[in-house]
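Let's work through some salt-bridge exercises together. Have the model open beside you as you read.

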Amino acid sequence: MSSAVSILAKPCTIGSVINNGRHSHQEFTITARVVAPKRPSLPELSIKGIPHTDLHVREIVQRQLQTRGSDHAVCRKPEFHPLFLEDAYDRCRDICAEYAKTFYLGTRLMTEERQKAIWAIYVWCRRTDELVDGPNAMHMSAAVLDRWEERLEDLFNGRPFDMLDAALTDTVHKFPLDIKPFRDMIEGMRMDTRKNRYENFQELYLYCYYVAGTVGLMSVPVMGISPESSSSASSIYNSALNLGIGNQLTNILRDVGEDALRGRIYLPQDELSQFGLSDEDVYSRRVTDNWREFMKGQIRRARFYFNQAEEGASKLDKDSRWPVWSSLLLYRKILDAIEENDYDNLTKRAYIGRTKKLLMLPLSYSRSVSTSFAFR
């Protein structure tokens, strides 16, 4: 299951070595006559199921809010030749431009230093996702992910393995990035190797946090918080996390048919059962009325998370809002496309054409610069 970071992605393998571092029934009321069955409903949308205290999100936020100083060495200062580092960031830029075109265009309004940092984070997340979903995923094993985590540790300690690692090492030195969201994303890849069913939304939420919510936690320190914002930093981080959750839920709904071909069903099993559905209904690829009702609830949930993300998107530094609004509005369009396909995400893939994507840019830009919207 591709993480949120790779919505526009095609498989690719990237990187060049520069050293040897390292799962209800329907209820009827019987009186003088049989009345219609009650329609099952989804759990309360505001219940995430996994308390953020269990995920230690507060600790991550606190560490990333620390003022950098001489005694706050998150990463040993790396020593790179300026031209080598320029080439490393250029490569990250090219990858982002090729595989996340709309998001990339949004980054172009950011300051140069923030652009480079976001490109470096994007590339690391993409490479991590490709370990499980990329062209070499058949060779995936626990050992591979263990080595990737060791490599992450080295990267944070100023010992990058290749050019693309070097760009993130430099970014980690310049911005107060905590290593835990990166480790948590790797844990999400481990979950993908050992789990292909989710009993309830609580389990699915945890997966979404690992593979996509973490991206928001990584990005806020780079994008910055507007000095005019009266919201707490924690609320803005929470919005960023919610955007990641919404993005990943949208990925899951878009890719139901494709994932089923790989034996994976990223849908809450208990909620499927409430609508009289099972794995076999997914594998049969038949769009029934029960399926449509089930999907309506899943889409409503994803939109809930996007709504929760909006305020935070407007409280980021003004030069960083456009790519976030672009992502938010584009993912919402995917949900619209599923509805336009009559909820057939079993045989059809919701698709947003290039023209529609480009038309989203002015709207997302307008949202990003509207201070009356941002600080109402």
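This is a predicted model: local features need pLDDT of at least 70, side-chain atom pairs count only at pLDDT 80 or more; totals for chains, interfaces and linings use all residues.

Residues are numbered from 1 along each chain as its sequence is written, and side-chain values use heavy atoms, with hydrogens and water left out.

**Exercise 1.** Find out how Asp162 and Arg127 meet, and where each one sits.

*Solution.* Start with the rule: a salt bridge is a side-chain nitrogen of Lys or Arg within 4 Å of a carboxyl oxygen of Asp or Glu. Asp162 and Arg127 form one, at 2.5 Å from N to O. Helices here are DSSP runs (H or I, at least four residues), numbered from the N terminus. Finally, check burial (under 20% relative accessible area, 1.4 Å probe, protein chains only). Asp162 is buried at 2%, and Arg127 is buried at 7%.

**Exercise 2.** Work out which parts the pair Asp165 and Arg151 ties together.

*Solution.* First, the contact: their side chains form a salt bridge of 2.8 Å, N to O. Asp165 lies in helix 7 and Arg151 in helix 6, so the pair joins parts 14 residues apart in sequence. Asp165 is buried at 2%, and Arg151 is buried at 13%.

**Exercise 3.** How many salt bridges does the rule give?

*Solution.* The count is 36. A network of salt bridges links Asp146, Glu149, Glu153, Arg183, Glu187, Arg190 and Arg194.

Technical notes:
Helices (H or I, at least four residues) and strands (E, at least two) are DSSP runs, numbered from the N terminus. Buried means under 20% relative accessible area, exposed over 50%, partly exposed in between (1.4 Å probe, protein chains only).
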